[in-house]
Amino acid sequence: MSTRNAEIATLFERMAELTELLGGNRFKVNAFEKVARVLRELGPEVDEMSDAELVALEGVGKGAVERIRQYCDHGRIDDHDELAAQVPGGVLEVMHVPGIGPKTARLFWQEAGVESIADLKAKLASGELAELKGFGPKKLANIGKSLAFAESAGDRRHLGTAWTLARRFLDVLEPMPQVRQSAYAGSLRRGRETIGDVDLLVAADAAETAAIFDAFCGHDAVEDVLLRGDTKSSVRTDAGMQVDLRVVDPRSFGAALLYFTGSKEHNVRLRERARERGMTLNEYALAKLQDDGSAGAVVERETEEAIYAALGLAWIPPELREDRGEIALAAKGKLPDLVELEDVRCELHAHTTASDGKLSIRELAERAVARGFHTIAVTDHSRSQVQANGLDADRLRAHVEAVREVAAEMAGEIAILTGTEVDILADGSLDYDDDLLELCDVVVASPHAALAQDPKKATARLLKAIAHPKVKIIGHPTGRLINRREGLHPDVEALAEAAAEHDVALEINANHWRLDLRDVHVRTAVAKGAKLAIDCDVHGAGDFDMLRYGVMTARRGGATKRDVVNCMTRKRLAKWLGLSAP
DNA sequence: GCCGTTTTCGGCCCGACTGTTTTCAGTCG
């Protein structure tokens, strides 16, 4: 995501929220949200695009282009400022509290003078809000709880946190005799980098739901039961995340899985498509649409595949369900054949106790063998990474020798490659001289410091590293840490073009704190024909399990196994690295 | 505000749960 596009997207999001809060046209709200979403996922900067190119984007009309240009020229959008002038700044934050929507936020503000979270807390405590019509003790108590939870939990959680939490619940639910099928859905199934709530789905007979909800609400992880109905329940957990469970009739599992996987925007498209074909889609079934507008005979409901097929579409992998054009591709049978976890056959970015890893060379290699990998590269940190015990020239030479010894001992089991994760210094030069890099089979070059550089410098820095003849992989190219550090904002199109030209792979660092490249960058890389490397950046034994998050991110970007160097055979990989045959 | 196999107006997806309701609005996903 480029900074300029993100800034404008934020303004459109705020226009949507303000319009909603002020009771404006809800379709206008949707339209603003849609523009924001398009901008967030846009590869090129808006100032590099023509008006015609912008208006060709689905969801972007003339009005949006005018506002975008206004921001580019003057750094502000009049409509936004006019809306914002009508509402005190803190009211939007009040609206973000779970359980408070636009109507309630407006009522609190206009009838009770709540203009901030602080006001809300004070007036909850004083009992002033209880005098408002329609607000009994339970509603207010729930708002109080939401406030406390939001403060302790903070933002959306990492993909890895959500996946682990989902597993904890499914490990209890799956073995239950009443449970016919179970799955995680929502943004977790789509592999988004951050997850709001975990959505779980279970198929069971209606008569047997009580036992399932008992097990769910009584799970060790549960701190608070938010709601419990006949078909759905929500809880807050010790992981600081909410988990929702839906129990559906086994015959409707496919329709429900489709529905609860989302995205919301993808679902809207599907339902529109159903309508165009005289059908209606909900979480129970795809059904014929009757004259009175109600759902008639069921067309399909048991599997996602059948429902997509009935809509004239190939099954769409969850990671692509973001309304980014995947439905048109599915209609033409042109969906990419996405890379899968099992396609990944090697790890090319791993650390040992020589720098800041927890495993010895041999332990690292044994773990890689256990995963069925044909190759592992030992890439410890370079000298500038003092806090990570980076290797100076003498230590690197000794370490390379040590790696070669273990490689010889384990030659029958796995190929162990010498390597380094060499720092890309602020000016784009590398942290080791070329003669040292020559010792390495694999050179991963990564930025670790000067991560607040301006985009032009960052781009030049990374381009210089890509052009270096020994570099084969650019590690975590932006250096961002999700929810913690922005990292660099390079021109990813330019990087991808250069990477393709020099036959260098851009890494998708699979660590769930990083996911760097991120999904939209992957999309750009794939479009430009650049190779990708999905690496776990292994520091400890458990890190190999991060691979699934990297693969999900690659899939979200539309990567196939032909795009990913870790999917090569041992022989092809050696050839790509310029090594003599293994 | 956006969009078009019904193109420049008139639509724009669907349902569960809660609280405070005498029949439903608000929120959420």
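Which helices each supply at least two residues of the lining of the largest cavity? Hold that one for a minute.

Ground rules. This is a predicted model, where local features need pLDDT of at least 70, side-chain atom pairs count only at pLDDT 80 or more, and totals for chains, interfaces and linings use all residues. Residues are numbered from 1 along each chain as written, chains are lettered from A and ligands numbered from 1 in written order, and side-chain values use heavy atoms, without hydrogens or water.

DNA strand B comes up now. There are 48 residues around it, and Thr104, Gly136, Asp197, Tyr259 and Arg271 come nearest. Near, here, takes a heavy atom of the residue within 4 Å of the strand. Of the atoms of DNA strand B within 4 Å of the protein, 78% are sugar and phosphate.

Now some distances to phosphate oxygens of DNA strand B. Aspartate 197 has a side-chain N or O atom 2.5 Å from one. For arginine 67, again from a side-chain N or O atom, the distance is 2.9 Å. Glycine 61 uses a backbone N or O atom, at 2.9 Å.

Back to the cavities. On a 1 Å grid over the protein atoms alone, a cavity is a set of points where a 1.4 Å probe fits but cannot get out, and lining residues have an atom within 4 Å of a point. Points join across faces, edges and corners, and volume is the space filled by probe spheres set on them. We get 3 cavities of 30 Å³ or more.

The helices are α13 (253-261) and α14 (264-276). The largest share, 3 residues, comes from α13. Helices are DSSP runs of H or I, at least four residues; strands are runs of E, at least two; both are numbered from the N terminus.

Last, a sheet. It is open, with 3 strands in the order β8-β9-β10 and antiparallel pairing. β8 (279-281) and β10 (295-300) are the edges, each with a single partner strand, so one side of each has no neighbour in the sheet. Pairing takes at least two DSSP bridges. Strand β9 (residues 286-289) has 3 bridges to β10. In one of them, leucine 286 partners glutamate 300 of β10.

How values were computed
A polar contact is a pair of N or O atoms within 3.5 Å; within protein, one must be able to donate a hydrogen and the other to accept it, and residues adjacent in sequence count only if both atoms are side-chain atoms. On a 1 Å grid over the protein atoms alone, a cavity is a set of points where a 1.4 Å probe fits but cannot get out, and a pocket is an open set with protein on both sides within 12 Å along at least five of seven lines; lining residues have an atom within 4 Å of a point.
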